[in-house]
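This report goes through one protein chain, from its overall build down to single residues. The sequence and the structure come first.

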Amino acid sequence: MELTNKLVEAALTHAASATVKRIATLLSKKTEPRIDPELVESRLRYQANSVLAVKTLLSTESAVSIKEFYCAPRVTVGGKSFVPENSGKFQKDHILIEGVAGQGKSILLRYLCATSIINDGKIAFFYELRRLDPLKPLFKILQESLAGIGIPGNSESIRSLAISRDIEIYLDGFDEVDQKTAEKIDRDIEYFAKNHPFIKIFVSARPHAGLSRNSALVTHRIENLNRADAFRLIKTLCKDETQAKSLQDKLDKHDGDAIELLETPLLVTLLVAQYAYTQKVPEQLTDFYDSIFLLLFERHDAYKAPFVRTKRLPITTHTYRKVFEQFCFASLFANTLSNSNADAVARWALNGQKVEADSQDFLADVSTVSSLINQEGGVWSFIHNSVQEYYAAAYTLSGTDRELTERAGRLAKAPNPSSREQVFRFAKEIDEYRFIRFIDLPRLESLSSPLEASAALTKETSKQWLLAHCTSIEEDKIPDKDGTFFSVHLDTNPNLPLRLFAPSALRKSLHSALAQNTIEEQLGELLDVGLFAQRIVAEVEKRVAPWLAHRLEYQQVILEREQGELKAEDFLQELLNGG
């Protein structure tokens, strides 16, 4: 983030400065030339302020310091809740910060990293995972970062800093990388954590990213906001005390219990932005997102009348929005939204909406007028991922039934599963019936095929399902003393195989089954062994039974809807006939 002079304010405390001098002195004994503590402190100071500088939905034109609006979240681990005012509040060294869209994971990591530098003199580095070179291991990246602040980037420096617990690493946005990169990063984090146990590591991810299965990390979950949290944040975000009080009063008197919707800091921010413009409180979650495009695209006229920001394209705000929706949808398939990728996606979106215009003009307009997307270092990004996901969902639902089915099929192949699932959650709230009929029901039918929705899960039906979805069966390379684990890999979720255990007495039976030439023969032999059959059916049932139950539920919803439509048609015909 580009810093302005106004933002470069936070200096290291005396204690932090003394810590940096101690670190430089200690490391200088083991290296030549001597480390310049003033240089290290200067670069750490700049780094801390860079990490603190962010654009928000309330400050889209220039970056502000997180300290201007930061409200520490409540975090839960092991059933206990606490407020992390600094990194020292975390008792473990390798920490996964897990939270849903908009809960402030990135802001928390940025705040912890910057305060560790400013208050404690830690050698702390903040990385956005989507911006890292996926071919470089974390250890190499850390070495380069140390060299960048004036500390030798070698193994001895890292070892010394780790032993004295003076180094911390913050890895933000595991859910923002594609599946292949995520698997590599997952392995790299586990390897790094096990080989450097005294280096404090923080990683942020959404719950569905699957990183909580990493045994090296202890999962800490950000809690939803309660009324007191939301009101505290409103007071912080509203520069006008009268406006803050007015908004709080409206929330308390709202018939629809709008306060219950304010589960995340992002939603509170959207509410504050919208209320300043409309003096209204949204009725449902999607209203927050639905209004944000118009709010940010037109608010300059409302706030700075008679000033009107010049737009390059002679099209309406509604058309800008339709192009932006299509742009958001296509951008889900780009691992990195580079200048060339963004240009190609913008051209596709403009053509899709039959708008004859320059793609660069469109990107410039959306960026400079609304700041919903921004370009930095040759890469475009959204002001928040959930904005991209909401408008992608809106585009998905905007077509005919046939187009919706086609778009849902494309989404199923999106490289980022976490973003895809968030798009589907938004789609469900925007239009639950069409989501059920054209997105979720076909998805569940595909996952549970070839079984009927009413099928009972027996040994035979479990075998039918496995034959359709099993891609391989593999024994773990390192057996347990009491037996061995093996995995049944599935195309329904390549990262989540069925995990089964073969006790020592059945190890020969397992080896005999795996020696067969085809998956059908392997499954057949495994299911002929009573204990294996029992456990396989149980695991299949845990996986497939909820899908079958939802299919039955959805079929009933569709049937009731169709019956209601027939009754409405009969009533209309009766009216037309003068009945």
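Two residues are in contact when heavy atoms of theirs lie within 4.5 Å. By that rule, and with neighbours within four places in sequence set aside, aspartate 188 is in contact with Lys136, Pro137 and Leu138. Aspartate 188 belongs to helix α6, which covers residues 179–195. Its relative accessibility is 15%, so aspartate 188 counts as buried, the cut-off for that class being under 20%. The model described here is predicted.

**Overall build**

The chain contains 21 helices and 14 strands. Its C-alpha trace spans about 80 × 75 × 45 Å along the principal axes. For 579 residues, a compact globule would have a radius of gyration near 25 Å; the chain has 27 Å, which agrees. Of the 579 residues, 49% count as buried. When contacts between residues at least 6 apart in sequence are considered, 67% of them join residues at least 24 apart.

**Aromatic residues**

How many aromatic pairs does a search of the whole structure find? The search finds 23. One of them is formed by phenylalanine 424 and phenylalanine 435: the ring centres are 6.4 Å apart and the planes stand at 55 degrees, so the pair is tilted. This pair links distant parts of the chain, with phenylalanine 424 in helix α16 (residues 417–430) and phenylalanine 435 in helix α17 (residues 432–448), 11 residues apart. Phenylalanine 424 counts as buried because its relative accessibility is 7%. Phenylalanine 435 is buried too, with a relative accessible area of 5%.

There is also an aromatic cluster made up of Tyr289, Phe293, Tyr320, Phe324, Phe327, Phe362, Phe382, Tyr390, Tyr391 and Phe426.

**Backbone details in loops**

Serine 449 and proline 450 are joined by a cis peptide bond, with omega at about 5 degrees. Proline 450 sits in the loop between α17 and α18, the latter being residues 459–469.

Where in the chain is arginine 165 found? Arginine 165 lies in the loop between α5 (155–163) and β7 (167–172). Lysine 354 lies in the loop between α12 (339–352) and α13 (359–370).

Are these two residues buried or exposed? Arginine 165 has 37% relative accessibility and therefore counts as partly exposed. Lysine 354, at 75%, counts as exposed, since the cut-off for that class is over 50%.

The table lists the accessibility of the residues discussed one by one.

| Residue | Relative accessibility | Class |
|---|---|---|
| Aspartate 188 | 15% | buried |
| Phenylalanine 424 | 7% | buried |
| Phenylalanine 435 | 5% | buried |
| Arginine 165 | 37% | partly exposed |
| Lysine 354 | 75% | exposed |

Note on methods
Residues are numbered from 1 along each chain as its sequence is written. This is a predicted model: local features need pLDDT of at least 70, side-chain atom pairs count only at pLDDT 80 or more; totals for chains, interfaces and linings use all residues. Side-chain values use heavy atoms; hydrogens and water are left out. Helices (H or I, at least four residues) and strands (E, at least two) are DSSP runs, numbered from the N terminus. The radius of gyration is taken over C-alpha atoms; the globule rule is 2.2 Å times the number of residues to the power 0.38. Buried means under 20% relative accessible area, exposed over 50%, partly exposed in between (1.4 Å probe, protein chains only). Rings of Phe, Tyr and Trp (its six-membered ring) pair if their centres lie within 6.5 Å; planes under 30 degrees apart count as stacked, over 60 as edge-to-face and the rest as tilted.
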